[in-house]
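Trainee: I have a model open and want to learn how to read it. Where do we start?

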Number of protein chains: 2
Amino acid sequence: LGAARDPLLVIGCGVVGASAAAGWSAAGHEVWGHDRRELLPLVGRGWLARAVPIERLPEAATVVLALPVGGILAALRRLPFRAGQLVTDVGSVKVAVMAAAAALPQGVAFVGGHPFGGSAESGWEAARADLFAGSTWAVVAAEGDGPAAAARPGEALAAVGELAEELGARPVPCDAAAHDRVVALTSHLPQLFATAVAAELAARDEPLAASLLGPGGRAFLRLAGSSFELWRDILAHNRDEVERAFAAVTARAEKPLEALGEEFELAREWSRRLRPG
Amino acid sequence: LGAARDPLLVIGCGVVGASAAAGWSAAGHEVWGHDRRELLPLVGRGWLARAVPIERLPEAATVVLALPVGGILAALRRLPFRAGQLVTDVGSVKVAVMAAAAALPQGVAFVGGHPFGGSAESGWEAARADLFAGSTWAVVAAEGDGPAAAARPGEALAAVGELAEELGARPVPCDAAAHDRVVALTSHLPQLFATAVAAELAARDEPLAASLLGPGGRAFLRLAGSSFELWRDILAHNRDEVERAFAAVTARAEKPLEALGEEFELAREWSRRLRPG
């Protein structure tokens with residue numbers, strides 16, 4: 001049921017696309033790559049069977065859009081996908097992506113994807129075949145009976161789930177709205193806070209700040225190295241949920257000390273879900 | 001210059017106190033422990049030379065207050081320290097601790113301390129001799145010419161710095177106000193945000209949230225497992241700086257998208273200080 005067919009074309013070979021290409025090549029797929037950057041080094045490493053111009057898109061059986069969210073949306077609107085192709089993406093927001101995919105031509109099967117493994121670095125120089133091992137990978141089926149819904153949607157979902165599994169990831173089926181609600185809290189808001197804390201440290205010029213850090217604070221502040229180029233798109237396309245999350249979280253965080261005990265209790269109870277097993 | 005003399009009494013043998021005791025014993029110190037919990041298992045492991053009642057406090061040459069901040073403040077006010085003792089602490093706030101230490105009897109040398117290694121777990125069961133290896137350890141000299149200022153303050157600071165080094169940590173001399181300003185941003189505010197995000201996830205009952213997490217979000221949300229017992233004291237005794245940090249950071253985080261590019265730029269520049277080397 002539902003194995004993705006080759007050749008598999010990865011559009012966008014940064015750290016995510018190149019890592020996935022490396023893993024899929026290792027799993028035996030014929031992987032093609034397209035990027036504005038020169039991809040011959042990836043062919044040399046055996047991560048890609050070939051680097052192709054975008055004109056060869058119709059020859060691909062499976063297409064992975066490994067671009068920033070803005071690039072994914074533009075590709076869905078502009079590229080000439082053909083009936084029979086399976087298309088997926090790796091974008092950090094899903095409602096906007098699924099809406100754009102709903103306008104794909106009849107017969108193109110689309111499944112939204114979002115890998116939760118990753119790297120703070122960017123570019124294929126930071127890629128590795130096991131980047132997604134042990135992580136989760138959200139997979140979102142197209143809904144409704146419009147053209148975006150595949151003839152056999154379960155089959156398309158299973159095929160993309162299998163692609164994730166071939167990289168050592170665990171596919172997590174979810175709907176686009178639930179995905180975007182959750183990541184507003186667990187990813188987009190932490191990114192905004194880490195950026196704001198680091199910007200405040202920079203503005204205050206506290207020379208001791210990088211020394212007075214424990215492992216938790218250091219992990220949190222590492223987020224501040226993220227690129228605005230990626231985050232502008234994410235924040236723009238999940239604005240409502242991020243604003244709702246911001247209001248709810250700051251209201252809890254600014255409660256008086258007497259009321260914070262209950263917040264810590266709720267939070268500690270929730271955090272037990274993070275423990276393995 | 002300034003080696004801490006034995007016996008070294010660790011008051012409070014939770015994860016921090018027991019880990020330090022284990023490391024100091026391994027380094028050749030005679031370490032005594034005091035705790036409301038039974039400490040014979042720590043003697044059995046060779047982490048303590050003996051467990052003592054608090055009445056034996058006067059026999060200690062060096063005293064380490066490894067308690068929550070409220071316990072440290074109470075100990076500084078109530079315990080009968082004697083002239084000639086070197087006293088230090090491990091509290092996460094320093095202005096309040098240094099103020100309490102200023103009322104110690106003449107001849108007691110006090111140096112504030114704050115180890116940045118640590119564990120999300122609590123209790124000596126989670127302790128290990130290398131808990132602080134590779135981390136930093138803030139050391140704060142008593143100021144002014146009051147009784148809290150040691151006869152030879154440089155010597156006391158060096159002795160506590162050496163205790164940190166014996167555990168593999170790097171002592172970072174700083175003043176109490178700078179310490180509290182910095183940790184409000186790098187530790188206390190991230191804790192409040194993580195608690196508030198996890199509490200909001202619990203309240204919304206988002207079943208997918210623990211699955212849709214990357215390494216950064218997971219590290220951030222692990223903070224939500226912290227105990228309010230510890231944090232109530234910390235937040236109560238650094239309230240002004242935490243409120244100032246909260247106002248500054250939320251103002252940056254809620255800027256419109258067009259203005260966020262500058263924040264990301266400042267933050268990314270600052271985050272380069274986190275890179276090793």
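Trainee: What rotation superposes chain B on chain A?

Mentor: Keep in mind that this model is predicted. To relate two copies, look at the rotation and at the shift along its axis. Here the rotation is 180 degrees, with 0.0 Å of shift along the axis, and the RMSD is 0.0 Å. That is the relation of a two-fold axis.

Trainee: Which C-alpha of chain B is nearest the axis?

Mentor: That of Phe220(B), 2.8 Å from the axis. Now check the surfaces. The same surface serves both copies, and 100% of the contact residues of chain B recur in chain A.

Trainee: How many residues are in contact?

Mentor: 79 residues of chain B are in contact with 79 residues of chain A. Then read the area. The two chains bury about 7400 Å² between them, and 71% of it lies on carbon and sulfur atoms. In chain B, Leu212(B), Phe264(B) and Trp270(B) lose the most area to chain A. Together they give 11% of what that side buries.

Trainee: How many salt bridges cross the interface of chain B and chain A?

Mentor: The rule finds 4. Look for a Lys or Arg nitrogen within 4 Å of an Asp or Glu carboxyl oxygen. Take Arg252(A) with Glu200(B): their closest N and O atoms are 2.9 Å apart.

Trainee: Which elements of chain B give two or more residues to the side that touches chain A?

Mentor: Among them are strands β7 (136-141) and β8 (170-173), and helices α6 (176-204) and α10 (257-271) of chain B. The largest share of that side, 22 residues, comes from α6(B). By residue class, the side of chain B that touches chain A divides into 47 nonpolar, 15 polar and 17 charged.

Trainee: Let me try one residue. Is Ser271(A) buried or exposed?

Mentor: Compare its relative accessibility with the cut-off: buried means under 20%. Ser271(A) has 7%, so this residue counts as buried.

Trainee: Where is Ser271(A) placed, and what does its side chain reach?

Mentor: Ser271(A) is in helix α10 (residues 257-271) of chain A. Its side chain reaches the backbone oxygen of Arg268(A) at 2.8 Å. Next, look past the sequence neighbours. Leaving aside those within four places, Ser271(A) is in contact with Leu221(B), Ala224(B) and Gly225(B).

Definitions and conventions. Residues numbered from 1 in each chain as written. Chains lettered and ligands numbered in written order. Predicted model: local features only at pLDDT ≥ 70, side-chain atom pairs only at ≥ 80, totals over all residues. Heavy atoms only, no water. Contact = heavy atoms within 4.5 Å. Buried area = accessible area lost by both parts, 1.4 Å probe. Salt bridge = Lys/Arg side-chain N within 4 Å of Asp/Glu carboxyl O. Helix = DSSP H or I, 4+ residues; strand = E, 2+ residues; numbered from the N terminus. Nonpolar A, V, L, I, M, F, W, Y, C, P; charged D, E, K, R; others polar. Least-squares fit on C-alpha atoms with pLDDT ≥ 70 in both. Buried < 20%, exposed > 50% of the residue type's maximum accessible area, 1.4 Å probe, protein only. Polar contact = N/O pair within 3.5 Å; in protein donor to acceptor, adjacent residues only side chain to side chain.
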